Amino acid sequence: MPQARRVGHATFETPDLEREIDHWVNVAGLVLAERDGKRAYLATKVGQLVVELHEGEQAHCTGLTFEVSPKTDFSQLAKDLAAEGVSSALSNDMAPGMPRSLVFDDPKGTRIQLFSEWGYLGDHHQVGGVGPMKLGHVAFVTPDVQGVTKFYETVLGFRVSDWIGDWFSFMRCGPDHHTVNFVKGEKTHLAHIAFEVKDMAQIATACDLLGAKNIPIEWGPVRHGPGHNVSVYHLDPDRNTIEFYIELDQMKDEELGYFEPRPWHRDLPQRPKVWSSDTSQIWGMKKQR
Ligand SMILES: [Fe+2]
């Protein structure tokens with residue numbers, strides 16, 4: 001069965017490609033690495049592809065990519081997926097620097113592409129916006145949180161890091177506390193996409209930059225309970241929620257089973273658990289909506 005190692009990039013459909021490119025470049029601080037008609041590819045300042053934009057009718061997140069082992073045999077992988085009832089197809093037309101992928105849909109209709117080869121898109125760049133270091137996690141609202149969580153466990157090798165009640169799961173595929181999360185809601189849509197920044201000073205710089213551009217901060221700065229990241233959230237012009245964060249919990253050894261000890265942990269050691277809704281924020285500004 002495939003074992004996702006990290007999230008690669010997220011694909012968004014947008015009715016206004018130019019407006020979205022402007023936000024991702026000048027506010028989020030990504031680099032427009034390639035432009036191809038009605039598609040745009042945006043990378044971090046170190047050159048990793050993190051966002052793909054397609055011009056289309058509806059603003060929504062359509063797909064995610066995950067890196068798998070370089071030793072992966074894609075035809076065997078397709079057979080393993082078929083054994084789980086998942087039909088997939090090999091694609092040789094993916095994104096710049098990624099020659100091939102195995103494509104299938106997850107149960108909530110998000111297109112998943114697994115890849116094992118990728119290349120940097122250009123050298124290091126100076127950026128004008130926030131300039132995150134990496135894409136960290138992507139969160140979705142979806143009606144069947146249990147079903148989608150189970151799929152990511154059995155089909156993509158994710159582990160559950162935490163639940164809030166029975167309505168919010170946090171899942172890891174590497175040391176990061178979560179790379180995907182799923183929260184219960186009536187219809188499937190993106191909850192937020194989250195990028196790691198360097199330190200608290202960069203969180204403050206992000207807040208100042210949003211303030212200077214009159215972009216409201218939707219939530220934060222806040223230290224979460226599950227994951228314990230310090231986060232700040234805003235909306236892009238398509239109303240996609242973008243999070244910048246630092247200090248996400250790390251599980252460096254799966255066998256030990258606890259997150260690296262941190263002064264803000266209330267459980268000693270901090271292990272995966274079920275949180276109650278009222279303990280899910282350690283400190284910080286409440287949500288504005
Ligand atoms: Fe998040």
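Is glutamate 254 buried, exposed or partly exposed? At 36% relative accessibility, glutamate 254 counts as partly exposed, where buried means under 20% relative accessible area, exposed over 50%, and partly exposed in between (1.4 Å probe, protein chains only). The model is predicted, so local features need pLDDT of at least 70 and side-chain atom pairs count only at pLDDT 80 or more, while totals for chains, interfaces and linings use all residues. Residues are numbered from 1 along each chain as its sequence is written, and side-chain values use heavy atoms, with hydrogens and water left out.

- Strand E15 (residues 230-235) pairs with E16 in the antiparallel sense over 6 bridges, and two strands are said to pair if DSSP finds at least two bridges between them.
- Within this antiparallel pairing, serine 231 stands opposite tyrosine 245 in E16.
- E15 and E16 form a hairpin with 5 residues between them, and arginine 239 in the turn has a positive phi of about 65 degrees.
- Strand E13 (residues 189-196) runs parallel to E16 and is joined to it by 4 bridges, with tyrosine 245 in E16 as the bridge partner of glutamate 196.
- E13 also pairs with strand E9 (residues 134-142), in the antiparallel sense and over 7 bridges; here the bridge partner of histidine 137 is alanine 194 in E13.

- The domain assignment gives domain 1 (6-115) and domain 2 (134-252 + 280-284), with bounds that come from an automatic or database domain assignment.
- The contact between them takes 35 residues from domain 1 and 33 residues from domain 2, contact meaning heavy atoms within 4.5 Å.
- The C-alpha centres of domain 1 and domain 2 lie 19 Å apart.
- Domain 1 and domain 2 bury about 2500 Å² between them, 75% of it on carbon and sulfur atoms; buried area is the accessible area (1.4 Å probe) that two parts lose on being put together, summed over both.
- His23, Val27 and Lys108 supply 23% of the area that domain 1 buries against domain 2, more than any other three residues.
- Across this interface, 5 residue pairs are in polar contact, both residues being at pLDDT 80 or more; a polar contact is a pair of N or O atoms within 3.5 Å, where within protein one must be able to donate a hydrogen and the other to accept it, and residues adjacent in sequence count only if both atoms are side-chain atoms.
- Among the elements that give two or more residues to the side of domain 1 that touches domain 2 are strand E1 (6-14) and helix H1 (17-26), and E1 gives the most, with 8 residues.

**Salt bridges**

- Side chains of opposite charge can pair when their charged atoms come close.
- The structure holds 14 salt bridges, each being a side-chain nitrogen of Lys or Arg within 4 Å of a carboxyl oxygen of Asp or Glu.
- Glutamate 18 forms a salt bridge with arginine 35, the closest N and O atoms being 2.7 Å apart, and this pair links helix H1 to strand E2 (residues 31-36), 17 residues apart.
- Glutamate 18 is partly exposed, with a relative accessible area of 48%, and arginine 35 is also partly exposed, at 40%.
- The side chains of arginine 159 and glutamate 254 meet in a salt bridge (3.1 Å, N to O); arginine 159 lies in strand E10 (residues 159-164) and glutamate 254 in the loop between E16 and strand E17 (273-275), so the pair ties together parts that are 95 residues apart in sequence.
- Arginine 223 and glutamate 247 meet in a salt bridge through their side chains (2.8 Å, N to O), which links strand E14 to the loop between E16 and E17, 24 residues apart.
- Arginine 223 counts as buried, at 5% relative accessibility, whereas glutamate 247 is partly exposed, with a relative accessible area of 35%.
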